[in-house]
Amino acid sequence: MASQLNTSVPTRPPGGKNSTAEKLLVAASELMIERASIEVSLSDIAQKSGVNAALVKYHFGNKDGLLLALLARDAATEMSQLEYLISQQISPTAKLKLHIGGIIRAYYQFPYMNRLIHYLLHESSTEAADEVSKFFVAPLLEFQRRLLAEGIKAGEFRNIDPVMFYTSLVGACDHLFFGRHAMSRATGVGPVTDEVCREYIKHMEALICGGMLNGKGAAGG
């Protein structure tokens, strides 16, 4: 199965929004959100999209190729915003807060994203893992490295390891969405809503900035 994986998936499928490939991606995304799971079958995706399941192989190679393309599509917009953010003429602290909010909102918009990342990095093929590292993990880590360096140079941040920062922020998103089911059983909390998302952004801004700022950056947000 891995040998058939299409690892040259573009961040946007050919043909625009009305293409067969796009219909399959939209259907897969909607099903995963509806079911709060990435365990959806090709027949379910085909039925929802109105497209023959055999066309998955034509466009994506196999189901894992479709999942890879879906993650690439969803990550593309978020990655494109990173360069824009780093270039803005605002303080590193303000950029940090915008980045925290942006990451959390991305996971809210695509609540299956982290499960897809886990699956493609650890349970699919080596080729898929390499692709996810290229279009998601590496660019995000590089952006955060640049942002942290900028904040340290400006005297706003204490010295923070980029890998630990990545782990803290992405891990926080992971547990809010991926661990919500377990928390609902233990505490009775409901689903992640717009209000929960907004409150979590405020919480993470206070938590992360409170641990990172050296005092000079407090006025820069």
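Some ground rules: residues are numbered from 1 along each chain as its sequence is written, and side-chain values use heavy atoms, without hydrogens or water. Because the model is predicted, local features need pLDDT of at least 70 and side-chain atom pairs count only at pLDDT 80 or more, while totals for chains, interfaces and linings use all residues.

**Helix pairs**

Helices here are DSSP runs (H or I, at least four residues), numbered from the N terminus. Axes are lines fitted to C-alpha atoms over the stretch in contact, and angles run from 0 to 180 degrees between N-to-C directions.

| Pair | Angle | Axes |
|---|---|---|
| α1 (residues 20-35) and α2 (residues 42-49) | about 110° | 8 Å apart |
| α5 and α10 (residues 194-212) | roughly 145° | within 9 Å |
| α4 and α5 | about 170° | 11 Å apart |

Start with α1 and α2, which are roughly perpendicular to each other (65 to 115 degrees by the rule used). α1 passes α2 in a right-handed crossing, meaning that the near helix is turned clockwise from the far one by less than a right angle. On the α1 side, the contact (heavy atoms within 4.5 Å) includes Leu24, Ala27, Ala28 and Leu31, and α2 brings in Asp44, Ile45, Lys48 and Ser49. Sorted by class, this contact has five nonpolar, one polar and six charged residues. For these classes, Ala, Val, Leu, Ile, Met, Phe, Trp, Tyr, Cys and Pro are nonpolar, Asp, Glu, Lys and Arg are charged, and the others, Gly among them, are polar.

Ala36 sits in the loop between α1 and α2. Its phi is positive, about 55°, although Ala36 is not a glycine. Most residues other than glycine have a negative phi.

Next come α5 and α10, whose crossing is also right-handed. Among the α5 residues here are Leu96, Ile100, Gly101 and Tyr108, which meet α10 residues including Cys197, Tyr200, Met204 and Ile208. The tally for this contact is 11 nonpolar, one polar and four charged residues.

As for α4 and α5, they run roughly antiparallel (over 145 degrees). Glu78, Leu82, Leu85 and Ile86 of α4 meet Lys95, Leu98, His99, Gly102, Ala106 and Gln109 of α5. That contact splits into five nonpolar, three polar and two charged residues.

**The cavity**

A cavity is a set of points on a 1 Å grid over the protein atoms alone where a 1.4 Å probe fits but cannot get out, and lining residues have an atom within 4 Å of a point. Grid points are joined across faces, edges and corners, and a volume is the space filled by probe spheres set on the points.

There is one cavity of 30 Å³ or more. The largest cavity has a volume of about 50 Å³. Its lining is made up of Ala75, Glu78, Met79, Ile103, Ala106, Tyr107, Met113, Phe136 and Leu140. α4 (63-86), α5 (92-109) and α7 (126-153) each supply at least two of the lining residues. By class, the lining has eight nonpolar, no polar and one charged residues.

Conventions
1 Å grid on protein atoms, 1.4 Å probe; cavity = no way out; pocket = protein on both sides within 12 Å on 5 of 7 lines; lining within 4 Å. Parallel < 35°, antiparallel > 145°, perpendicular 65-115°, else oblique.
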